[in-house]
Amino acid sequence: MLVQGAIDDPALENPQANKLDRAEALALRGRLDEALALLAGEGSLRAIRIRAEALERLGRFDEADAALDPLVAHMAAKEITSGDDLAEGVRALMVRSRLRGPGRAGEADADFRTLMEMLGRAKNELDRLSWYARLVEAEVLIEKDNPADGQAALTEVLALNPRCSRAWRLLGDLAVSGFDFDQAENIALRLEELAPGSPDAAVIRARGAIRRKDPALADSILDAALARFPQHRELLAEQAASAAVRFDESRTSALLTAFDALNAGERPPTQDDHGSPEAILAVGAALSEARQYAPAAALLERAAMRQPMLSTPWIELGLLEMQAGRDIRAKDALSKALALDPFNVRAANSLKLVDELNSFDEIESDHFVVRYKPGIDEVLARQMPAVLEQIYHDVCGPSMFDHEPEGKTTIELMPDHAAFAVRISGMPQIHTMAAATGPVIAMETPRDGPGHRAGPYDWARTVRHEFIHTVTLSRTHNRIPHWFTEAAAVWGEGGPRPPDWWGLLTQAYLNDTLFDMDTISLRFVRPIKPNDRTQAYAQGNWMYEYMVGRFGLRAPLDLMDLYAQGKSEREAMQQVLKLTPEQFFDDFKGWAKGDLLRAGMLPPEGEPPIDQLIDDPHTLSSAMLDDLLVEHPNHPDLLQIAVQIALKETGGNPTPAMIPLIERFVAARPVDPMPRRLLARLALAGAMDDAPQKVIENLEFLDERELRSPAFALALAERYALAGDLDHAWAKATRATLIAPFDASTREQAGRIALLRGDLDAAESQLVALTLIEPDRDLHKRRLEALRAKRAETRANGAG
């Protein structure tokens with residue numbers, strides 16, 4: 001029963017049961033004083049470990065440390081021949097490391113290498129079938145923020161003992177940490193199979209709910225579990241964390257006080273800098289994730305003060321300070337963490353990055369600070385301030401979010417993907433290329449090469465998106481539903497909906513798989529299907545567009561202001577929109593159908609879907625198609641098939657004879673880029689009336705939707721220049737350099753157009769960029785020198 005997690009099973013209350021099993025069950029239930037009383041006079045390694053853990057959890061650290069002295073003496077003096085006993089010793093030494101820090105000379109050293117060597121001996125020499133040794137190994141690895149190896153060890157545990165609840169619980173914690181909430185729920189169900197009403201299952205579910213910003217669900221889970229296990233310390237700590245993410249400060253404070261009082265028992269009340277940090281740490285970590293940086297930092301500092309040798313509060317504090325852009329404080333906290341725990345992966349990665357950030361150069365403008373690694377990244381850094389200030393003017397103005405964040409926003413150009421990922425998460429991999437944490441926006445530099453995942457991308461649009469997060473987080477005091485902040489950011493980018501989003505949204509609408517209000521935020525952080533995250537972005541933007549169109553620009557801002565006051569999404573929507581979330585979603589779906597019709601993604605009203613007209617497009621003859629088009633002349637799917645068949649007959653090359661058909665398809669489905677590409681090719685070949693204007697018209701459509709390649713912008717720059725429209729040519733050349741700032745040919749074309757305009761300053765900036773991109777090409781340097789000489793001559797003649 002104990003191994004399965006049935007810690008209140010009647011068998012564990014039976015006086016005839018093993019005393020250590022009974023004591024451990026009492027400790028796990030939170031009845032720590034009773035467990036200590038039952039352990040009186042017991043001196044085995046397991047008894048010492050249970051006693052020390054109970055005293056540590058009570059915050060009686062000196063007593064816990066003293067309780068471990070016999071174990072240390074035993075391990076130093078006697079040969080241990082049992083794998084499980086040696087694992088017990090390691091588990092006890094983990095307690096000592098949290099109480100004293102790295103091991104002292106002359107003692108059984110409690111550092112990571114020593115612990116792992118002991119566990120290696122336990123499982124490889126003393127008992128190759130010891131699941132317990134592998135369980136303790138997993139605990140050590142997870143404590144060092146090494147989840148991959150920890151999970152591998154847990155898999156070995158469950159292969160040997162599939163009913164080990166502690167292994168399942170640790171896997172559940174890892175699932176919640178990785179936002180894998182479906183897997184976490186599966187694990188919780190397994191724990192309940194082993195022990196109905198499992199408190200471990202409740203902790204996993206509550207932590208998942210808190211991470212999903214659903215404290216109401218967390219409270220319902222915790223209330224039920226605490227009715228059965230009223231002294232369970234983890235349940236009580238999560239209860240306080242749930243109150244904190246509700247922004248209920250008085251309840252949070254009361255729960256923290258009650259937690260301390262429970263630990264104190266009959267002893268004098270705990271002083272603020274004494275006692276267990278468990279609940280304070282849980283609340284601080286939850287508030288940090290909710291981006292409530294100031295109160296979270298204060299709580300994490302309190303936790304560190306209570307148990308000074310525990311590295312966890314310092315690690316959490318260091319990562320928080322990095323997110324908040326306070327690198328000096330981050331370095332201080334992370335240095336303290338690594339001094340206590342030199343093998344912690346996240347802390348080591350983050351401290352290394354903080355040290356690297358201190359070597360970065362800076363460029364400052366009115367509202368931004370751009371930080372970059374000296375070298376080629378200066379090319380982009382020099383270009384950014386002017387673009388950033390225009391973004392600030394747009395985003396913060398009354399026509400968008402009507403709010404200015406306090407202080408300057410820092411933009412950090414991370415030189416490669418690994419550095420960017422560590423900057424955001426403390427670990428070297430992450431799924432995006434830019435992220436805002438409030439006052440800091442970190443982005444991977446947009447270039448190809450080893451160590452880069454992003455490649456070229458429209459960094460200005462990306463940073464605009466992230467800066468909107470900074471603004472909305474500031475306006476709401478970091479209290480905003482995940483889907484809503486992403487929806488606002490995509491809406492505020494100002495560009496048209498990407499073509500693949502139209503297809504994704506159409507299928508979601510037709511298949512009734514649009515995410516409801518309870519699901520959409522979750523799909524950002526934990527997608528189930530490959531397209532779930534993309535759909536969450538697309539649908540969120542769609543819903544925000546609907547909200548603005550129906551209720552006006554002020555409605556989402558009023559919602560944000562209520563979120564800032566701590567109102568839930570349900571409360572805020574009912575107050576501002578006069579709708580429940582469910583009613584809003586139902587109304588949105590009705591509007592969405594009309595939007596799909598306007599975009600030509602659905603057949604016009606009264607027209608049948610394409611699968612009712614055609615069984616198999618591959619067997620469709622030209623005559624049959626002509627007949628169908630006579631009967632359904634504006635059917636977008638039918639016109640698409642007609643264009644595809646015509647292209648197949650010409651080997652994929654559009655012909656002038658196809659122009660009327662292609663233009664009909666454009667009219668029927670105005671959001672599709674495919675016919676625009678065909679028309680652009682025909683116009684470039686001179687096959688259309690007013691070809692130069694048609695080229696520009698269709699290339700503009702394509703460029704407006706292009707986020708990764710400068711090709712359309714460069715083609716437009718050339719066309720505008722040939723037409724003598726140098727202002728538009730320069731705008732497009734500039735856009736090309738925003739997408740591919742490190743591409744030499746793009747910079748050369750921009751420089752040529754700048755010279756055609758007579759803008760020597762702009763031409764010089766492009767040549768300076770070229771000298772950094774290709775430092776070995778003397779041609780760039782000679783051109784730059786010649787340009788500067790010409791400009792000096794011009795100025796001298798003007799002065800004369």
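## Basis of the values

The model is predicted, and local features need pLDDT of at least 70, side-chain atom pairs count only at pLDDT 80 or more, and totals for chains, interfaces and linings use all residues. Residues are numbered from 1 along each chain as its sequence is written, and side-chain values use heavy atoms, with hydrogens and water left out.

## Salt bridges

The structure holds 79 salt bridges, a salt bridge being a side-chain nitrogen of Lys or Arg within 4 Å of a carboxyl oxygen of Asp or Glu. In one of them, Asp200 pairs with Arg169, with 2.8 Å between the closest N and O atoms. This pair links distant parts of the chain, 31 residues apart: Asp200 is in helix α12 (residues 199-211) and Arg169 in helix α10 (residues 165-177). Helices (H or I, at least four residues) and strands (E, at least two) are DSSP runs, numbered from the N terminus. Both Asp200 and Arg169 are buried; buried means under 20% relative accessible area, exposed over 50%, and partly exposed in between (1.4 Å probe, protein chains only).

Arg447 and Asp377 form a salt bridge at 2.4 Å, N to O. This pair also links distant parts of the chain, 70 residues apart, with Arg447 in the loop between β5 (440-444) and α23 (459-475) and Asp377 in the loop between β2 (368-372) and α21 (378-396). Arg447 and Asp377 are both buried. Glu378 bridges to Arg382, the closest N and O atoms being 2.7 Å apart. These two residues both lie in helix α21, 4 residues apart, about one turn of the helix. Glu378 counts as buried because its relative accessible area is 18%, whereas Arg382 is exposed at 52%.

## Nonpolar cores

A nonpolar core is a set of buried Ala, Val, Leu, Ile, Met, Phe, Trp, Tyr and Cys residues joined through side-chain atoms within 4.5 Å. The largest has 126 residues, of which Phe401 and Trp459 touch the most other members. Helix α21 gives the most to this core, with 9 residues.

Neighbours within four places in sequence aside, the residues in contact (heavy atoms within 4.5 Å) with Phe401 include Val395, Ile468, Trp491, Tyr544 and Met560.

## Helix α33

Helix α33 (residues 636-649) has 14 residues and reaches 20 Å from its first C-alpha to its last, close to the 20 Å expected at 1.5 Å a residue. The expected span is 1.5 Å times one less than the number of residues. The helix is mostly covered, with 10 of its 14 residues buried, including Pro636, Leu639, Val643 and Leu647. Its buried residues are covered by elements including α31 (610-613), α32 (622-631), α34 (659-668) and α35.

## Positive phi angles

Gly651, which follows α33, has a positive phi near 70°. Phe247 is not a glycine, yet has a positive phi of about 65°. Phe247 lies in the loop between α14 (233-245) and α15 (249-264) and is partly exposed, at 24% relative accessibility.

Asp690, another residue other than glycine, has a positive phi near 55°. Asp690 is in the loop between α35 (673-684) and α36 (691-704), and its relative accessible area of 53% makes it exposed.
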